[in-house]
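Colleague: I have this model open and want to go through a few spots with you. Can we start once it is on the screen?

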Amino acid sequence: MNLTLPEPSREMSARSEQLQQIIVDEIHSSGGWIPFDHYMERVLYTPGLGYYSTLSGLGAEGDFITAPEISPLFSRVVARQIMPLLAPLERPIVMELGAGSGVMAAELLLELERCQQLPEGYWILELSGGLRARQQQTLEERIPHLLERVRWLEHLPDSPFQGVVVANEVVDAIPVERFIVRQGRTLPLGVSTNPDGALTWSESHEDAPSLVPEDIETTGLAEGYCSEWRPAATSWIAALSDCLARGALLLVDYGYARSEYYRPERQQGTLSCFYRHHRHEDPLILPGLQDITAHVDFTALAEAADAVGLGVAGYTSQAYFLLAGGLTELAEAEGGDELSHRIETSRAIQQLTMPAQMGEVVKVMALTRDVALPETFTLHDQRHML
Ligand SMILES: C[S@@+](CC[C@H](N)C(=O)[O-])C[C@H]1O[C@@H](n2cnc3c(N)ncnc32)[C@H](O)[C@@H]1O
């Protein structure tokens, strides 16, 4: 692959080399090979060196842009959609996972305040120290009067609460395993080093029947077909279920139902890397300096939810979720005579809802316990796809 990417600073290169050395040492001490999910865990989350543990900026100043950064309307619709879920709960909590710059927390709380439905508390579980500081700053500036409701958690709560858990583009940051199809067999694709010490893809020669979900027809997939799956998501859903006494999980992410995910023509899977707004497909370069994501198999999330007694109550595209939830009505009510503001809003709406942009490929899934989803969510239900 011929990539032209911006040069990292000397300080960043040194940090990346330090992380690469740790990974190379681990490869050597593991017999020359590590699974890809282990590599992804290291490059994204190694304390002090991994991408997310050192990240402090998102949006224009970062490597990628997410829906809450595109427009406050996104978070306002999320607030409208979760209001009916919060209403019947006792002392409801909103818990946000991976809160980015904190902009979604601010907008969500402001909208809930406008509608007189503030939750008892707003909890944020953030793995990145840099982002946590950034979130604190955003909330101090934007909603000082609501700050007392906000709490940062070190880990998931020990005792179950009633509330709604929101996670935008979090599941796609959970490490994935990779596999490659060889003569009808599914072999794990991991990372090793080549003779000059550089990181390289490497196939394990041992079959790993438990590697991929059982119902993927690997025999029908072409020789060399390569993709990924995310075993860690199953225990993640189970852990979230354990702390939810009553309420819902709202998961928003790039992804597909399984049949669409493992389509024969998607020969290289969905792994993507983002470095200063350049998208490419080589996760083995710039360790710790670039984001790595893979789309979400929503069928796997539904199976994980089912196994722990959460209801798979809704699944739809981001476009339907936002439009049925009142996106255009909120934009119109917002008014604003300035032409530049109107153009900016219209561009944001397009980016969030157009099928060729985020509208179709980003999905929203609601997993519930003893609460009913509002009609605005189920209007364009696509659970039959799962
Ligand atoms: C792509 S960013 C999305 C940030 C934000 N939600 C947004 O939409 O702008 C992914 C976030 O997920 C967080 N994350 C990844 N795994 C997580 C986990 N298991 N629990 C909580 N946060 C997690 C990362 O630290 C990061 O903040």
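Colleague: Leaving aside neighbours within four places in sequence, what is Val166 in contact with?
Modeller: With those neighbours left out, Val166 is in contact with Val78, Val94, Met95, Glu96, Leu97, Met104, Tyr122 and Leu250. Contact means heavy atoms within 4.5 Å. This is a predicted model, where local features need pLDDT of at least 70 and side-chain atom pairs count only at pLDDT 80 or more, while totals for chains, interfaces and linings use all residues. Residues are numbered from 1 along each chain as its sequence is written, and side-chain values use heavy atoms, with hydrogens and water left out.

Colleague: Is Val166 buried or exposed?
Modeller: Val166 counts as buried, because its relative accessibility is 1%. Buried means under 20% relative accessible area, exposed means over 50%, and partly exposed is in between, with a 1.4 Å probe and protein chains only.

Colleague: Where is Val166 placed?
Modeller: Val166 is in strand 5, residues 161-168. Strands (E, at least two residues) and helices (H or I, at least four) are DSSP runs, numbered from the N terminus.

Colleague: Which residues have the most contacts inside the largest nonpolar core?
Modeller: Tyr39, Ile82, Tyr122 and Leu250 do, in a core of 83 residues. The largest share of this core, nine residues, comes from helix 5, residues 72-86. Apart from this core lies another of 31 residues, among them Met95, Phe161, Ile174 and Val296. A nonpolar core is a set of buried Ala, Val, Leu, Ile, Met, Phe, Trp, Tyr and Cys residues joined through side-chain atoms within 4.5 Å.

Colleague: And Ile82, what is it in contact with beyond its neighbours within four places?
Modeller: Ile82 is in contact with Val94, Leu108, Val164 and Leu250.

Colleague: New topic. Which residues of helix 10 are buried?
Modeller: In helix 10, residues 298-307, the buried ones are Phe298, Thr299, Leu301, Ala302, Ala304 and Ala305. They pack against several elements, including helix 8 (232-242), strand 10 (244-256) and strand 15 (311-317).

Colleague: What happens at the start of helix 10?
Modeller: A side-chain oxygen of Asp297 reaches to within 3.0 Å of the backbone nitrogen of Thr299. Just after the helix, Gly309 takes a positive phi of about 80°.

Colleague: How far is Gly309 from Val166?
Modeller: Their C-alpha atoms are separated by 19 Å, and the two residues are 143 residues apart along the chain.

Colleague: Which residues other than glycine have a positive phi?
Modeller: Leu286 is one of them, with phi near 50°, and Asp370 is another, with phi near 55°. Leu286 lies in the loop between strand 12 (278-280) and strand 13 (291-293). Asp370 is in the loop between strand 16 and helix 14 (375-378).

Colleague: Is each one buried or exposed?
Modeller: Leu286 counts as buried, because its relative accessibility is 18%. Asp370 is exposed, with a relative accessible area of 60%.

Colleague: Last one, Thr353. Where is it found?
Modeller: Thr353 is in helix 13, residues 339-353. Thr353 is buried, with a relative accessible area of 11%. A polar atom of its side chain lies 2.6 Å from the backbone oxygen of Ile349.

Colleague: And its contacts, leaving aside neighbours within four places in sequence?
Modeller: Thr353 is in contact with Ala319, Leu322, Leu323, Leu327 and Gly359.

Methods:
A polar contact is a pair of N or O atoms within 3.5 Å; within protein, one must be able to donate a hydrogen and the other to accept it, and residues adjacent in sequence count only if both atoms are side-chain atoms.
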